[in-house]
Amino acid sequence: MKNQRLNELSEITTYRFKVDDNGDVGFLLATGNDFAKNKMTLEHAKNIAHTGKVKPSTVEGYPICVDDKWYFEGNFHE
């Protein structure tokens with residue numbers, strides 16, 4: 001049981017969304033071969049990240065990737 005818990009902990013990553021003065025987070029949403037750019041509340045961004053798989057992004061300026069379709073402004077640490 002301890003080894004299973006250690007394996008789960010080793011996969012934990014940390015990230016922090018970049019929040020503007022209005023409490024919104026900038027994001028890109030993959031739409032086929034392009035992206036739609038917009039903002040959403042921090043609460044919505046957290047919900048998307050909580051229900052999806054979070055990983056580092058290769059999209060410049062949007063380092064947080066969720067489910068290979070949501071890209072958020074912020075910082076990502078492995």
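Phe-72 is buried in this predicted model, because its relative accessibility is 0% (buried means under 20% relative accessible area, exposed over 50%, partly exposed in between, with a 1.4 Å probe and protein chains only). Setting aside neighbours within four places in sequence, Phe-72 is in contact (heavy atoms within 4.5 Å) with Phe-17, Val-25, Gly-26, Phe-27, Met-40, Ala-45, Ile-48, Tyr-62, Pro-63, Ile-64 and Val-66. Local features of the predicted model need pLDDT of at least 70 and side-chain atom pairs count only at pLDDT 80 or more, whereas totals for chains, interfaces and linings use all residues. Residues are numbered from 1 along each chain as its sequence is written, and side-chain values use heavy atoms, with hydrogens and water left out.

Helices (H or I, at least four residues) and strands (E, at least two) are DSSP runs, numbered from the N terminus.

In α2, the buried residues are Ala-45, Ile-48 and Ala-49. These residues lie on the same side of α2, because they cover an arc of only 95 degrees around the axis (the arc is that of the directions from the helix axis to the C-beta atoms). The cover over the buried residues of α2 includes β1 (14–17), β2, β3 (34–41), β4, β5 and β6. Exposed residues Glu-43, His-50 and Thr-51 are carried on the face turned away from the buried side of α2.

The whole structure contains 7 aromatic pairs (rings of Phe, Tyr and Trp, the last by its six-membered ring, pair if their centres lie within 6.5 Å; planes under 30 degrees apart count as stacked, over 60 as edge-to-face and the rest as tilted). Phe-27 and Phe-72 form a tilted pair, at 6.3 Å centre to centre and 45 degrees between the planes. This pair links distant parts of the chain, with Phe-27 in strand β2 and Phe-72 in strand β6, 45 residues apart. Phe-27 counts as buried, at 9% relative accessibility. Phe-35 and Tyr-71 form an edge-to-face pair, at 5.4 Å centre to centre and 90 degrees between the planes. Phe-35 in strand β3 and Tyr-71 in strand β6 are 36 residues apart. Phe-35 is partly exposed, with a relative accessible area of 37%, whereas Tyr-71 is buried at 11% relative accessibility. One aromatic cluster is formed by Tyr-15, Phe-17, Phe-27, Trp-70, Phe-72 and Phe-76.

Ser-57 lies in the loop between β4 (54–56) and β5 and counts as buried, at 17% relative accessibility. Not counting residues up to four places away in sequence, Ser-57 touches Tyr-62, Pro-63, Ile-64, Cys-65 and Tyr-71. The C-alpha atoms of Ser-57 and Tyr-71 are 7.1 Å apart, across 14 residues in sequence.

His-77 counts as partly exposed, at 45% relative accessibility. Strands β1 and β7 run antiparallel and are joined by 4 bridges (two strands pair if DSSP finds at least two bridges between them). Asn-75 of β7 is the bridge partner of Arg-16.
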